[in-house]
Amino acid sequence: MNLHEYQSKAILKSFGVDIQEGIAIDNANDIKATTEKLNAETGTEWYVVKAQIHAGGRGKGGGVKLAKSQEEAVQIGNEILGMQLITPQTGAKGKKVNKILVAQDVYYPGASEPKEFYVSILMDREKKCNVIIYSTEGGMDIEAVAEETPHLVHKEWIDPKTGGLMPFQARKIAFNLGLSGDAFKNMTKFITKLYNTFVSIDASLVEINPVLKTSDDKIIAVDAKVTLDDNALYRHKDYAELRDETEEDPTEVEASKYGLNFIKLDGNVGCMVNGAGLAMATMDIIKLAGGSPANFLDVGGKANAETVEAGFRIILQDPAVKAILVNIFGGIVRCDRVAQGVVDAYKNIGEVNVPIIVRLQGTNAEEAKKLIDESGLRVTSVILLQEAADAVNDVLK
């Protein structure tokens, strides 16, 4: 589950991580009062107005701007709030800005020049460790930095079995970032608190870009991106409430209500499968047949009439779908129950304008095929994967 910047920063702050202070609002009439409150609390006279959407590259699309007065902050806030923001990560349609973050200016003059760094924490599945990725090139596209100047991107692996982040590792990171004195000490504290946050909230990603060394050697998170592990949200019910469904695909939101793992794609063949591995194989079969998968839909090991019907309704919302391939292996679930679910769903939905191809293998597969064949519906039952591919090919001709 992705969080907005203002939500991510609030969580970081609760774990003692120093952040760029700001206030999130969704009403343009509140901008002036917000700047006055920030001025009273932080002393800032300049303000950064940031669009709050689940996409990177906001600044490139005009979604992050500096205001040098309260009046300018009001003007910029009115421009950004409600705009359709297009960034390299949103696609051509962009995303509507429903909320903005008005933040303090932290690039103030002082004894030394401010310096931006990049820091992120995520899991390295291959090494079975968490890894801290960091660079002196903060505020930039880290992928471009890694490709063009890979020697400027460092990694520090943290083995959870040996007690997590060690003090010497935090110091090593600060040293590799070229820091000394108070900035060095503050960075070691920052990294330690950031890692503790990552572990404590069951995050799959914490990314700070940039991490700023201010002109008086403070280390703060100017931006923040946090992704929480959906499988651990039962332990963090307060964080689960932070989910912003307006930032997600409506069909994916609907699928989650039925416990379905659904991801919308850009193809023409809808697929409904149980198990991620079988889903990947099914998508390959569709490609080999000359089609393209319209979605990834895993109904899991407890498929029943309700989940099957929900899956069909979600797939059929996509006008690009020309056929639906159901590929179920009956291990835990009985194939005849899935077949009955297909028949019931077809009848409940009413007119289905695309052909449905069903492959059911495993427990009670013969009974399932009989149910499908005798249903009288526009449903084709197959046994082999190759037959499924041929059936899809016939439909798309």
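The lining of the second largest pocket holds one nonpolar, five polar and six charged residues (nonpolar means Ala, Val, Leu, Ile, Met, Phe, Trp, Tyr, Cys and Pro; charged means Asp, Glu, Lys and Arg; the others, Gly among them, are polar). Bear in mind that you are looking at a predicted model, where local features need pLDDT of at least 70, side-chain atom pairs count only at pLDDT 80 or more, and totals for chains, interfaces and linings use all residues. Residues are numbered from 1 along each chain as its sequence is written, and side-chain values use heavy atoms, without hydrogens and water.

**Stop one: the pocket.** Select Gln84, Thr90, Lys93, Gly94, Lys95, Lys96, Asn98, Thr246, Glu247, Glu248, Asp249 and Pro250 to see the lining. A pocket here is an open set of points on a 1 Å grid over the protein atoms alone, where a 1.4 Å probe fits, with protein on both sides within 12 Å along at least five of seven lines; lining residues have an atom within 4 Å of a point.

**Stop two: H11 and H12.** Next, select residues 335-349 for helix H11 and 365-373 for helix H12 (helices are DSSP runs of H or I, at least four residues, numbered from the N terminus). Their axes lie 7 Å apart at an angle of about 15° (axes are lines fitted to C-alpha atoms over the stretch in contact, and angles run from 0 to 180 degrees between N-to-C directions). That angle makes H11 roughly parallel to H12 (under 35 degrees). Now show side chains: Ala339 and Val343 are among the H11 residues that meet H12, whose partners include Ala368 and Leu371 (contact means heavy atoms within 4.5 Å).

Notes: Helices (H or I, at least four residues) and strands (E, at least two) are DSSP runs, numbered from the N terminus. Angles under 35 degrees count as roughly parallel, over 145 as roughly antiparallel, 65 to 115 as roughly perpendicular and the rest as oblique.
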